[in-house]
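I opened this notebook to keep track of what I looked up, entry by entry. The sequence and the structure come before my notes.

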Amino acid sequence: MGRSVILYRGSLKSCNYRCSYCPFSKQKGSEKERREDKAQWFRFVERVEEGMGQGNFQTDFGGVMVTPYGEALLYPWYWEGLARLSRLKGIDVVGAQTNLSFPEEKSLACFGQAGGDRGKLRLWATFHPEMVSVGAFAETCIRLKQMGITLCAGAVGVPGQEGVLRELKKMLPADIYLWINKMDGLGRKYTEEEKKAFEEIDPYVWREWEVVPADVGQCRGRVFVDGGKGLRICNISQNIKAAEYQWQQGEVRECKRKACSCYLAYGGRDNWMNQVLFGPYPVLRIPRKAKAVFLDIEGTLLPKGDAGKVEEEARRRVRFLETLSKEGALLFFATTLPYGEAIKRCRDFSHWFCGGVFAGGAHVALEQKGEKKAYFFPLDESCLAAMEAAKKEFGFRLLVYRNGKSLYKMTLVRPARKPWGQEEAGRLASLIDPKGRCHIRWILEGNCLQIVAAKANKANGVRLICQWLGIAEADIAAAGDTKEDEEMMKIGADCQRPEKPAAWLR
């Protein structure tokens with residue numbers, strides 16, 4: 001789905017801010033600490049450069065994000081290193097968490113002198129109301145945006161500071177996302193009134209209240225580099241026993257955590273909710289803001305697995321759909337199920353959807369503001385006759401789907417214990433007249449073998465709905481979990497990779 005981001009943290013633990021709630025505000029940095037941190041950072045940069053240059057990275061890394069304990073961007077070596085990384089062909093994004101106290105012109109000049117690509121730079125900016133005014137912080141965010149820097153901004157959800165954060169949201173441009181982190185060490189649960197107030201500021205802060213069970217299966221390929229100490233899957237997992245900077249794709253590593261308890265942990269997981277909301281690099285926390293979202297049903301909207309876990313996950317997915325809808329995204333199904341079966345399976349949340357792509361792409365429907373529009377990819381009737389003749393030999397029931405008199409889909413259903421194979425599909429195809437054979441497509445799903453027109457697929461259905469609505473492909477997001485979904489998911493994802501910046505930004 002998304003591409004991996006290497007999270008990096010050096011030995012730097014000191015900060016120029018003195019926030020009362022932060023343990024690192026009490027750390028006084030030493031020259032020794034800075035020397036060690038600089039050496040560790042450049043060694044890391046060199047290893048990434050070597051790996052990218054020699055093709056040694058087996059993992060699909062596309063970004064690097066610095067997540068320091070202290071304030072790293074005060075130091076020019078971080079800007080130089082980020083610039084060097086941004087020059088690499090295989091890197092799409094580079095970024096850092098920061099309190100924005102760095103000298104802007106001097107720092108960006110350093111970044112530019114080292115050949116940095118501002119179009120790839122991402123900043124995760126944290127507002128600290130004890131140290132900076134709302135106005136000053138907002139002005140800094142706006143200036144950086146005007147300089148071509150993409151950033152998000154946010155703060156800890158401290159009860160009692162809702163008013164300050166509302167003021168900040170009003171001052172920030174609409175395209176700078178203001179996030180809220182839950183407050184660690186609060187010593188009590190947030191009240192319902194507090195939750196409501198923070199959700200009015202950040203519509204997705206409810207994800208912070210959730211307990212997200214750890215799932216190492218969603219963390220394959222990701223890595224957290226902890227200075228000279230070793231590797232981890234993420235910032236809260238244990239160290240991995242591995243040679244220094246040896247990153248292996250798909251390596252299954254044990255995670256002893258019971259839950260992903262912070263955004264860097266759950267936001268970096270490879271799942272469809274993260275991708276839909278934040279694009280191919282969700283851990284950077286820069287929203288995608290898709291105008292239209294297309295979602296597969298089986299395995300995506302309707303989770304599989306243990307009954308208890310499925311119920312909890314289903315509730316979380318419904319909450320996510322509700323929030324997307326409230327934020328103005330148009331929701332569409334994208335499924336191999338026929339229209340009626342899809343609506344029946346999703347009756348608890350189908351009211352948020354505006355139609356979609358059904359029957360593997362053979363039926364495309366738009367239902368918006370009382371208006372309905374539909375298109376069916378027709379199948380040649382000769383295919384039906386061939387399948388009727390093959391029912392006894394291959395042992396299947398034949399389900400036929402029509403729009404009026406026009407045939408648009410057939411499903412060959414066998415008992416669950418007898419799934420279809422590619423070889424059998426090939427034998428069936430040979431029974432169809434060669435002229436008709438080149439105009440059909442086969443979809444194998446366990447014990448169901450579906451036949452639709454060759455041009456009927458989810459991706460083409462998505463493109464048709466985009467044409468009807470006048471929505472650019474760059475403004476859509478899609479999610480699914482099978483090969484049927486891959487082309488559809490590439491439509492929006494390929495448009496999310498950073499473009500080359502204008503000449504004046506270089």
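I began with accessibility, where buried means under 20% relative accessible area, exposed means over 50%, and partly exposed lies in between (1.4 Å probe, protein chains only). I noted that this is a predicted model, in which local features need pLDDT of at least 70 and side-chain atom pairs count only at pLDDT 80 or more, while totals for chains, interfaces and linings use all residues. Residues are numbered from 1 along each chain as its sequence is written, and side-chain values use heavy atoms, with hydrogens and water left out.

Cysteines. I looked for disulfides, meaning pairs of cysteine sulfur atoms within 2.5 Å, and found zero. C255 is partly exposed at 29% relative accessibility, and its sulfur lies 6.1 Å from the closest cysteine sulfur, that of C234, which is too far for a bond. I also looked up C15, which is buried with a relative accessible area of 16%.

Nonpolar cores. I took a core as a set of buried Ala, Val, Leu, Ile, Met, Phe, Trp, Tyr and Cys residues joined through side-chain atoms within 4.5 Å. The largest has 112 residues, of which W41 and F44 touch the most other members. Helix α2 (residues 76-86) gives the most to this core, with six residues. Another core, of 29 residues, lies apart from it and includes I443 and C466.

E162. This residue is found in helix α5 (residues 162-171), helices being DSSP runs of H or I with at least four residues, numbered from the N terminus. Leaving out residues up to four places away in sequence, E162 touches E194, A197, F198 and I201, where contact means heavy atoms within 4.5 Å.

How values were computed. Helices (H or I, at least four residues) and strands (E, at least two) are DSSP runs, numbered from the N terminus.
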